[in-house]
Structures are given as C-alpha cells and as structure tokens.
Amino acid sequence: MNPTALTKLEYEKIRTELGHFTASYLGLSHVHKMAPSTQIKAIRHQLNETEEAKQLLQTGASVPIPSLEGLELILDLLGTGYVLSEREFGHLVQFLRSCRQLIQYMNTKGSIAPTISSYASSLSELRPLLTAIEQRIYNGRIVDGASKELSKIRKKLGVMEDRIKRKLDSLVSRYKGILQEHVVSKRDGRYVLPIKKEHRKVVPGSILDESASGQTVFIEPADLQSLQMELHYLRADEIKEETKVLSELTALTEQHEQELRTNTDIVGIYDYIIAKGKYAVSIKGRNVTLNQEGFIHLKSAVHPLLGASMVPLDFSIGRDYSTLIITGPNTGGKTSALKTVGLITVMVQSGLLVPVAEGSHCAIFDEVSVDIGDGQSLEHALSTFSAHIRNIRDILQTAGRSSLVLLDEMASGTDPGEGVGLSIAILEELHRRRATVVVTTHFTEIKNFANHRPGFENARMEFDEETLEPLYRLRIGEAGNSYAFVIAAKLGIPAAIISRSREITNNGADRILEVPADTPVKTSTEPNAADRSNKIKASKQTESVPSLEEDSSSQPKFNIGDRVYIPYLGRSATVYEVKDQMGNVGVMIQKEKLKINHKRINLHCGRESLSGGL
C-alpha cells in the first residue's frame, strides 16, 4: 500500500490511538507493524478476531493480559552465561502466574470467542519452573531453605550477629561517657562507636572514619574485630551459595526458553487483539461485509478521528457506477467524505472494526491512491497544479481494476478550460482501467460529463441556502453547486453585481464583455497587442471593437433540427431551441433536454442536409 496515501489519510494517527490501548512492548510492536492487507481471507480472520475481543470486553469482565515487564531483558540474557537476579526471577514468577490466569480465563470463553480463546491452548503453564522459583525465592529474597548449605550458613550468621550485638551493648555501656551520641554506626559494613575526638586513645581499636567537623571519630573496637572478620567470611559464603542457587534456577529457566518465548509471543498477540477490541469499543466500531468487486456501501459512517462531531455519511459506489463526482460548497464536507471513505477502507484492510451502521460493505483493494491537499512546495518550486499532476501521474502508473482512487478538487490550480479537459480525460482513462474513483470538484463541465456517461454518477453535499450553513449530508444522484452567488448575495454583495456575475458565467467572460464604440483601440509595442489591434482594424475600418451582436456572423448559427457535437461530453445532440439572450442553446440527447452555451457546441450537420434526401 502506498505510504504517501496512508499519510494523507492520517493512518498513522489511528496507529497512535490504537497504541494507547496496548499493555506490553510486544503489543505495541504489533501496532507499529500494522498495515493494510490485500488478502480477503486474512482480513476476514482479523476482523472476526477483533469482533470477538469486543464481545469479551462488552461482557464486563477484564481480560487478564499478562504483564511483560522485564521479560524482554530476561529473554535476551538467557544463554549468554548471565545469572538472573532475584528481581528478574520476580518478574518471571509474575509472568507465569498471569499466563496461568489467562489460560483459565480463555477456557471459559469458548462460546463467546471461539477463535481467540483457542490461542490459549498454545500457552504453557511451566509448573515445574514456577514451583522451583517459588520454593527458593520469596519477596525478592532467596529463602533459607533454598539449599542445605545456605541454611547452615544463615544459622551461623544469626549466631554471629547475636554475639556481635551483645558485645556492642557491653562496649556502649563501658564507654558511654565518651560517646558523642548513643548510636551504633556502620562504616564499610563494620560496626563502629562514635567517640569524641579528644578521647580517641581511650578506646583500643581502628579509626575507620571521622565526622565532617572533626569532633567525632568512628572506631572499630579491638574486641569486635575478630568477630566482624568472621562475620565477613560468613557473608561471602552466603553470597557464594546464593549465586549457586540463582545459577541453578537460571539453568532451569534456559531449559524452558522456547516455551517462554512462545508464551510471550502469544501474550503479545493477545495484547494486540484486545487493544483492537478496546479501540473498537471506543469508536463504536462494527464488523462489515467484504467483497473484491469494488462495492462500497457505508451506512451512517463517521470519520474515526472526528467521531460524534461529524454528521454520519451514507455512501455507495461500485454497483451501477464506479466513478462518483462529489460537488458542493467549500467547507461543505466534500474532503471529509473523501477521507472517511479512504480511511475506513484501509482500517478494514488492517483488521479494525469501523464506525459504521449494521449492514455496511467494504471492498478490498490492492492499491488505495490519494490526491488530497494542494501539495505546494516552496523548496521544490511546485505549484498547486504541478503537485496535483505529479500525484496523478503516479496514480496512473498503478491504477487498475483493484484500485481505489480518491481525487480532491480536480481541475484546480490552472486554466479552468484546460483543467476541465485534462480532468475528463483522466477520469475516462481511470474508468477504462475499471478503477473505483471518487472525485470532488466545483466545475459544471465535469458534473455534466458524469451525468451523461455510463458508469459515472453525481453526488452533492447538502447546503442550507437560508442559514448559509453546510449540512454535511451527501446526496447521491444529484449534482450540486458551489453556492457562490447565494453566499455572496446573503453577505451583502449588490444585486446588480450578482446578476452580472450570473450573466458572465452563463455566457462566458470572453464573449459577454461589450466595449463601447467610441473606445479607442489600445496600442502597444508588444507584438501580441499589435497583432490584436491590426486584426480589429482589418475587420472593421474604424477604431472600435464590434459588439457581440455585430460580430455574431463569425459564430455558427444553430437552427432547430440541426445535429451538433458537444466535445466535453463526447456526445451528439439535436437542437430543439435556438440561442437565447444568455447565449445558451437547447439541445436534446436521447430524450433529455439540456441548455449548453453555444461556444461549447460544434455544428455537425445542418437540418437542410438531414432533409435533403426527402
């Protein structure tokens, strides 16, 4: 799937929101790797998994996903010769206990979630390993009974510490008059007495430290030195025996490394699936029916990132038409509709439930191509039009029967006449390739084209002309407009200007402008201006520009019954009404009557020629 298209559809924001629902590093890793699939069976399987997760969550019970705290480091250290610590075994015990809880939980959920509950059968309880750790380590400390030798050492330590304590009590009582304070301290793990500096020679022993003020010295009494040395040796023996116990447990853990890795992988998958279920609950996501025929039917769909703030969208394409032209005013919701269709499509193909009503259908596409936004770049000196054309060039390189193409504001950024012609040609090519295409535009010619071509359909975003507020509802089967004149009139533009605007629009700006007869011809040293002046003088031996009526002989006259050709529709028609004051000619195409400006019509065959043989 095209990464640029996913970026424009804000797919990464969906990943970010989904990541907030994960509880482990492996679950988050699955979210980061999530991407739209093109295999319908795999997509259906993932959607069903997510649906089951949602059902579990809606029963009210919390799914006991094990914590993977510390597991990543433990698995990395196994087999390296490293001896696991009491803290790391604590993480391992918590993980194994949680795995047992998850197995028990899933064994009771087979009726609600048959698919995902079956994954628990691959989890190992590893009872021998769990029991061995629990028997030797409790509350982060190796217990006395972890080994016979450790038990003996701990007993000796207890006796020795008791002897030292009694000795200290005796020494404190003997030297209480010269103690700086009646508190026994430790320096470097050895017991010392805080003696006033001036009496330091009274107490036989070694000075191990001195206070910052220099008024106190910390002396290890000679009577304690031999006892503390023996205690030190016992401590070393204890550490040695504890290391032996930890080494044995580490070796036992390494024997079960494969089961531990399998357990962590399955827990990561569970975390990912449950996170998708939680996200589905948060956006009111539902399952959809899938197809590979390009049929999309969304009922009450909302953009996942907009939620309740968006008016639900009813959208359909792929049955009677494969190209939909959406028109409407600016900020009327055209682009939002486009993004909603695109984002819901890639979310479904990622196994995510989407915010739609029951009975919605989504198609599976090999490629989703998007041209949304003007893509201007100061760095690369690209105009709006150039950016659009580069995007469409890339789209045409891959577009085919299994492509969804979303184009925003076709024909924008360049001359409207040329832009319309180019846009229609592009739409024809995409239709020839049988791509599914959704387009937004403001141009009437594109709407008229869609209205007369099989496989094309118009749609409009509804607009309240009284309040000037967009209604954000899509109505398929009707062409809309931009409501520029309505908005301008409501906002106070004079009626005469509005009327003139309509006249210019209907007749074409290049033909409606009449120049008074006494206006002198503009002369210029520029070749183009001089050529224009000479042409005017040659056609009229005065220095005035002819009016529209005076120059009407240069335009073909259309009579009732003439056969004409309409280039931008690619259709032939019959004239049923001559040109009116606005310059529009009435033509009939297969019993449908249209008013089209005379400039956009070519005379194909006069009525005299048609009746000549009669």
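Modeller: A salt bridge here is a side-chain nitrogen of Lys or Arg within 4 Å of a carboxyl oxygen of Asp or Glu. The model is predicted, and a search of the whole structure finds 30 salt bridges.

Arg154 forms a salt bridge with Glu238, with the closest N and O atoms 2.6 Å apart. This pair links distant parts of the chain: Arg154 belongs to helix α9 (residues 148-174) and Glu238 to helix α10 (residues 222-255), 84 residues apart. Arg154 also forms a salt bridge with Glu242, where the closest N and O atoms are 2.7 Å apart. Because Arg154 lies in helix α9 and Glu242 in helix α10, this pair ties together parts that are 88 residues apart in sequence.

As for burial, the cut-off is under 20% relative accessible area. Arg154 has a relative accessible area of 9%, so Arg154 is buried. Glu238 has 9% and is buried, and Glu242, at 15%, is buried as well.

Another pair is found in helix α14. Glu429 forms a salt bridge with Arg432, the closest N and O atoms being 2.6 Å apart. These two residues are three residues apart in helix α14 (residues 416-432), so about one helical turn separates them. Glu429 is partly exposed at 23% relative accessibility, while Arg432 is exposed at 57%.

Finally, salt bridges that share partners join Arg141, Asp144, Arg154, Glu161, Arg235, Glu238 and Glu242 into one network.

Notes
Residues are numbered from 1 along each chain as its sequence is written. This is a predicted model: local features need pLDDT of at least 70, side-chain atom pairs count only at pLDDT 80 or more; totals for chains, interfaces and linings use all residues. Side-chain values use heavy atoms; hydrogens and water are left out. Helices (H or I, at least four residues) and strands (E, at least two) are DSSP runs, numbered from the N terminus. Buried means under 20% relative accessible area, exposed over 50%, partly exposed in between (1.4 Å probe, protein chains only).
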